[in-house]
Amino acid sequence: MSKLVIVESPAKAKNIKGYLGKGYEVIASMGHVRDLPSARLSVDVDNDFEPKYAVIKGKENFVKDLKKKADKADYVYLATDPDREAVAISWHLATLLDLDLSEKNRVTFNEITKHGVTEGMDNPRSIDIDLVDAQQARRILDRLIGYKLSPFISQKIRRGLSAGRVQSVALRLVVDREEEIRAFKPEEYWSIDAKFTNPPGKKVFGAAIYSKSGKKIKIENKEQSDSILADLENEDYIVSSVKKGSRKKSPTPPFNTSSLQQEASRRLSFQARRTMKAAQELYEGLDVQGIGTLGLITYMRTDSLRISDEARAEGNKYILETYGEKYLPKKPRYYKTKGNVQDGHEAIRPSVPSITPDRIKDSVTSDQYKIYKLIWERFIASLMESCLQETVKVEISAGDYIFTTSGYTVKFDGFTALYEEAKEDTNDEDSAPLPALAQGDVLKLKSILGNQHFTQPPARYTEASLIKALEENGVGRPSTYVTITSTIVAREYVKREGKQFVPTELGEAVTKLLEEKMPNIVNVKYTSKMEEDLDKIDSGDKNYKEMIRLYYDDFEKPLERAKKDMQGVKIKLSEEETDEVCEKCGRNMVVKIGRFGKFLACPGYPECKNTKPLVLKTKAKCPECGGDVIEKKTRKGTSFYGCSNYPKCNFMTWDMPSDEVCPNCGKSLFRRKGNVLYCPDTEGCGFTKPASRKKS
């Protein structure tokens with residue numbers, strides 16, 4: 001019998017074919033084959049929100065060939081990924097190929113290994129229509145909101161803008177945080193910090209003033225600080241209390257999608273898209289020297305924290321052999337998943353826990369290795385014994401005043417021997433080890449100072465903290481976070497400053513307009529409730545057409561009111577002035593945005609209608625003709641650099657120009673991969689040096 005297996009990606013198809021062998025043909029759909037055409041709404045609002053699907057442009061011939069293969073095959077298996085989106089792809093394929101939807105032709109692979117593929121093929125099932133309906137509800141709602149709201153904000157603010165069910169809430173979170181920062185008024189406060197030694201010891205340790213006559217001290221200004229310092233001038237410093245205790249620090253759970261994205265951002269400075277690309281490649285399968293081709297991790301789009309008994313046993317075996325029995329907890333640790341989990345998949349873990357990161361290092365890319373190492377260490381650590389810490393809190397009396405200090409020592413390292421979760425805020429009050437201290441010890445004062453401080457505003461969102469906020473508020477799904485954060489940056493609603501997201505004037509204008517006219521669209525609680533209702537479709541507890549009708553009514557009426565209220569109204573944004581002078585009238589030209597992107601225009605319009613292309617000059621000079629090196633963009637928005645004298649000079653490079661020059665020949669240096677500055681005159685010079693971390 002001939003059997004046709006349809007998956008999503010060529011890499012996955014190749015690896016699965018290797019496991020299935022003869023009698024099977026494995027073909028990749030390359031993602032979706034049918035969707036709502038983008039040229040129109042493609043949802044019949046008047047006919048109970050009936051979607052108008054069509055084969056995606058450019059895939060017509062592929063679908064014809066696929067139908068021929070399906071007709072010749074004795075059996076067709078739909079083996080797209082395990083998530084909700086992929087279930088919908090299987091449903092679209094089944095519809096196009098006229099397959100029986102009640103037939104057990106749907107298979108999933110939690111891991112692309114011999115075991116994972118065999119288990120998936122041995123347990124086929126019919127397509128879960130509830131999951132398909134849940135995906136359709138999301139797709140239709142997103143289309144209705146996007147296609148009806150985006151033109152409205154584009155007309156009122158600027159051409160080419162977009163709004164969305166989750167995107168607009170994410171933007172509001174960033175804008176609200178910026179408003180909190182602006183409204184924040186710093187308050188002055190002081191601390192008095194002392195350094196001591198415990199004779200005859202030489203180890204210096206610190207302590208801070210805490211109370212006077214039993215009441216906690218709040219020092220608001222320098223005068224109060226100086227007064228206390230005067231009181232302390234001739235006092236003895238005596239240890240009045242030493243309290244010892246212990247605490248357990250438990251490991252964090254294995255990764256789900258959002259926690260992987262957050263940790264990779266904190267620890268590796270990876271953007272979510274980069275993390276998920278590497279994870280996808282690890283899941284689909286790689287050729288590892290000495291092992292062969294296999295998927296190295298389980299499916300990477302999951303909300304679950306569950307791990308299989310087989311994986312637990314393998315992980316425990318590794319811990320026992322590598323670290324010893326005391327590193328295995330006597331009672332196995334199980335992690336509970338909060339809220340609605342997607343399809344009950346496992347957490348993200350190594351598919352074969354015995355394959356350590358070192359075994360794959362020479363067979364994979366740097367990104368793949370770093371992400372695998374992160375996943376592997378987090379998984380193994382989640383099975384290990386807790387870290388046991390001995391804590392100590394010390395009070396030091398000086399007349400009526402009390403100073404305090406605290407610290408801890410590690411009694412048993414447990415899981416921290418392998419892995420600890422990275423934190424955005426690395427300040428740890430109890431991190432400093434203390435010397436041996438006993439009640440009655442007279443300390444030697446080394447220094448004492450009054451230090452001025454100011455309260456700090458809340459931190460701006462990073463990609464990691466924004467993803468965490470979306471997850472905690474129940475907005476969107478982990479599988480969509482990459483698209484959401486990428487979109488608000490691509491639309492220039494926010495800009496990245498280092499790791500931080502800063503809203504632009506455009507982003508704030510969009511949010512303000514939606515808050516005033518379409519408040520539900522940017523309401524966190526409302527969007528979270530919508531997400532809960534969408535999840536209820538998964539389990540068959542809600543009808544997806546009824547759910548769409550309910551939320552569409554909430555959306556359509558305020559939109560029609562807003563259009564009526566704002567007839568003829570245009571929100572004007574301030575224009576970015578440049579140092580480029582209009583040669584026709586002498587004004588400084590401003591940056592404007594048209595159908596084809598940014599350009600320079602004279603602010604004297606309509607009297608002066610002069611425009612010209614926007615050229616982004618760098619500080620570098622062309623190594624071939626001495627002209628300016630300018631930044632250009634590919635059609636996909638990727639930056640490259642070329643000579644301003646093109647086409648007379650054809651110099652072009654992907655490497656970023658710097659403002660440094662070669663000490664040998666004086667030509668501009670460029671930055672290439674590996675953070676190295678080099679002279680482009682490779683024949684006559686060839687100078688290179690490590691680049692500083694600061695970007696040019």
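Which residues in H13 meet Tyr481, Ile484, Thr485 and Ile488 in H14? In the predicted model described here, Glu463, Leu466, Ile467, Leu470 and Glu471 of H13 are the residues that meet these four in H14, where contact means heavy atoms within 4.5 Å. The residues of this contact divide into six nonpolar, one polar and two charged; Ala, Val, Leu, Ile, Met, Phe, Trp, Tyr, Cys and Pro are counted as nonpolar, Asp, Glu, Lys and Arg as charged, and the others, Gly among them, as polar. The model is predicted, and local features are reported at pLDDT of at least 70 and side-chain atom pairs only at pLDDT 80 or more, whereas totals for chains, interfaces and linings use all residues. Residues are numbered from 1 along each chain as its sequence is written, and side-chain values use heavy atoms, with hydrogens and water left out.

Helices (H or I, at least four residues) and strands (E, at least two) are DSSP runs numbered from the N terminus. Helix H13 comprises residues 463-472 and helix H14 residues 481-490, and the two pack at an angle of about 125° with their axes 11 Å apart; axes are lines fitted to C-alpha atoms, for helices over the stretch in contact, and angles run from 0 to 180 degrees between N-to-C directions. H13 and H14 are therefore oblique to each other, given that angles under 35 degrees count as roughly parallel, over 145 as roughly antiparallel, 65 to 115 as roughly perpendicular and the rest as oblique. Their crossing is right-handed, a crossing being left-handed if the near helix is turned anticlockwise from the far one by less than a right angle, and right-handed if clockwise.

H13 also packs with helix H8 (residues 257-268), at an angle of about 160° and with the axes 8 Å apart. H8 and H13 are therefore roughly antiparallel to each other, and their crossing is left-handed. In this contact Ser258, Gln261, Gln262, Ser265 and Arg266 of H8 meet Ala464, Ile467, Lys468 and Glu471 of H13, a set that divides into two nonpolar, four polar and three charged residues.

A search of the whole structure finds 42 salt bridges, each defined as a side-chain nitrogen of Lys or Arg within 4 Å of a carboxyl oxygen of Asp or Glu. One of these joins the side chains of Arg172 and Glu515, at 3.1 Å from N to O. Arg172 lies in helix H6 (residues 167-183) and Glu515 in helix H15 (residues 505-517), so the pair ties together parts that are 343 residues apart in sequence.

Among the strands, which are taken to pair if DSSP finds at least two bridges between them, S17 (residues 494-497) and S18 (residues 500-503) pair in the antiparallel sense over four bridges. Glu497 stands opposite Gln500 in S18, and the two strands form a hairpin with two residues between them, in whose turn Gly498 has a positive phi of about 65°. Strands S27 (residues 656-661) and S28 (residues 668-672) likewise run antiparallel, joined by three bridges, with Pro657 opposite Phe670 in S28. In this second hairpin six residues lie between the strands, and Gly666 in the turn has a positive phi of about 85°.

An open sheet is formed by four strands in the order S23-S24-S25-S26, with antiparallel pairing. Strand S23 (616-621) and strand S26 (652-653) stand at the edges, each with a single partner strand, so one side of each is left without a neighbour in the sheet. S25 (residues 639-643) and S26 pair over two bridges, and the bridge partner of Gly642 in S26 is Met652.

Most residues other than glycine have a negative phi, and most peptide bonds are trans. The peptide bond joining Tyr646 and Pro647 is cis, with omega about 10°, and Pro647 is placed in the loop between S25 and S26. A cis bond also runs from Tyr605 to Pro606, with omega near 10°, in this case with Pro606 in the loop between strand S21 (597-601) and strand S22 (611-613). Asp48, although not a glycine, has a positive phi of about 55°, and is found in the loop between strand S4 (43-44) and strand S5 (50-51).
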